[in-house]
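Subject: Handover of a structure and notes on it

Dear colleague,

Please find the structure below, together with its sequence. My notes follow it, arranged by region.

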Amino acid sequence: MKRLWSLVPSGGSLPENVWRARHRFLVGLTFFHAVVIALAGTVMGKSWALSPWMLFDVETALHTVGEAPIVAGLGVLACWRKFGRTAQASFVGFGLMSSSAILVHLSGGYIEFHFHFFVLLTFLALCQDWIPYILAVGFVAVHHGVVGVIWPQAVYNHEAAYNAPWTWAGIHALFVLWSCLGSVVAWRFNERAFEQTALILQAAGDGIFGLDTEGRITFMNPAAATMLGVDARRIIGNPVGPVVMHLRTDGTPVRDAESQITAPLRGGTARQASDQIFTRADGSYFPVDYVSTPMIEREQLTGVVVSFKDITERHRSEAALL
């Protein structure tokens, strides 16, 4: 049982910067579908005739325009950080699943459009969070069953499904579960890769932190956080200058434009320096040696990794020999 349980992803373990990047992509995908739905009526040649019931008449273009705000509204809620990661991802999941349901409805229940659910569930697995993922799968089951009973023509396009909507909901659910299984397996492999990287960073005795191309901190290992006296979770996304204050040997601050820490962002080559001074959050300082190495991905500079070592003990040993 332990062996089997080890194959199940834990969920919610993505680093904040990685999760935010994936979430922004999914929110953008949600708004993209809102635009597609709004334009679908015109593309399908539906009428723009005005009538008291035009928003409820599936044959009018205004009906499709009226369904787009449902998806867009969920996308807006997904952008509100006060909700927390799980709630934001859940809103994205409902937005994407709603877009699938609306497109199936607009197609007249074409079975081919049901593949849209499969595709978006795969994208939603990028969040690597169980609650949004299970809620999205539940949405698909309820949509196929409940809406299939109340309004079968909006979900299916054949007589067999009209007569037995729950049976066909079960058939679709079976294939959805197999699709989800593949996503979960990939999710677990992805999670293991992050765990191994995290273990290496945590075990390293040297301080290590990363910067993006704008000079903002993307990650920091426990050793670096301890030496600098900061909370690694709170400083992610902050500019490096106020967090890692760099001084010359005479105590004067090193300007960002002159710092070898961010130099690889400008020149693309690794830099190193010895007997430099970093300050802690409490105002104290300590001597360091550091190396700043550019991160190159597909021949594009994506940031730098900085490793540094507190050399206080070395200075004490050298002073004792004098």
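Once neighbours within four places in sequence are set aside, Pro-222 touches Leu-201 and Gln-202. Please bear in mind throughout that this is a predicted model. Pro-222 belongs to helix H9, which covers residues 222–228. Its relative accessibility is 38%, so Pro-222 is classed as partly exposed. Between Pro-222 and Ala-204 there are 8.6 Å in space, C-alpha to C-alpha, for a separation of 18 residues in sequence.

**Glu-195 in helix H8**

Helix H8 runs over residues 165–203 and includes Glu-195. With a relative accessibility of 33%, Glu-195 is also a residue that counts as partly exposed. The C-alpha atoms of Glu-195 and Leu-14 are 9.3 Å apart, although 181 residues separate the two in sequence.

Two helix pairs deserve a description, and both involve H4. In general, a pair of packed helices is described by the angle between the axes and by the distance between them.

Helix H4 (residues 85–106) packs with helix H6 (residues 130–150) at an angle of about 25 degrees, and their axes are 8 Å apart. H4 is therefore roughly parallel to H6. Their crossing is right-handed. On the H4 side, the residues that meet H6 include Phe-94, Met-97 and Ala-101. On the H6 side, Leu-135, Phe-139 and His-143 are among those that meet H4.

How do the axes of H2 and H4 lie? Helix H2 (residues 16–43) and H4 have axes that come within 10 Å and cross at roughly 25 degrees. H2 is therefore roughly parallel to H4. In this pair the crossing is left-handed. From H2 the contact draws on residues including Trp-19, His-23, Leu-26, His-33 and Ile-37. From H4 it draws on residues including Val-92, Leu-96, Ser-99, Ile-102 and Leu-103.

Helix H5, made up of residues 115–124, contains His-116. Is His-116 buried or exposed? Its relative accessibility is 19%, so His-116 counts as buried. The cut-off for buried is under 20% relative accessible area.

The side chain of His-116 takes part in two polar contacts that I would point out. One of them, at 2.6 Å, is with the side chain of Ser-100. Another, at 2.9 Å, is with the side chain of His-33. Apart from neighbours within four places in sequence, the residues in contact with His-116 are His-33, Ser-99, Ser-100 and Leu-103. Of these, His-33, Ser-99 and Leu-103 also take part in the contact between H2 and H4.

**Cysteines**

How many disulfides does the structure hold? The number is 0. Cys-127 is accordingly in no disulfide, and the nearest cysteine sulfur to its own belongs to Cys-79, 13 Å away. For Cys-180, which is likewise in no disulfide, the nearest cysteine sulfur is that of Cys-127, at 14 Å. Cys-127 has a relative accessibility of 3% and so counts as buried. Cys-180 is buried as well, its relative accessible area being 7%.

With kind regards

Key: Residues numbered from 1 in each chain as written. Predicted model: local features only at pLDDT ≥ 70, side-chain atom pairs only at ≥ 80, totals over all residues. Heavy atoms only, no water. Helix = DSSP H or I, 4+ residues; strand = E, 2+ residues; numbered from the N terminus. Buried < 20%, exposed > 50% of the residue type's maximum accessible area, 1.4 Å probe, protein only. Polar contact = N/O pair within 3.5 Å; in protein donor to acceptor, adjacent residues only side chain to side chain. Contact = heavy atoms within 4.5 Å. Disulfide = S-S within 2.5 Å. Axes fitted to C-alpha atoms, helices over the stretch in contact; angles between N-to-C directions. Parallel < 35°, antiparallel > 145°, perpendicular 65-115°, else oblique. Left-handed = near helix turned anticlockwise from the far one by under 90°.
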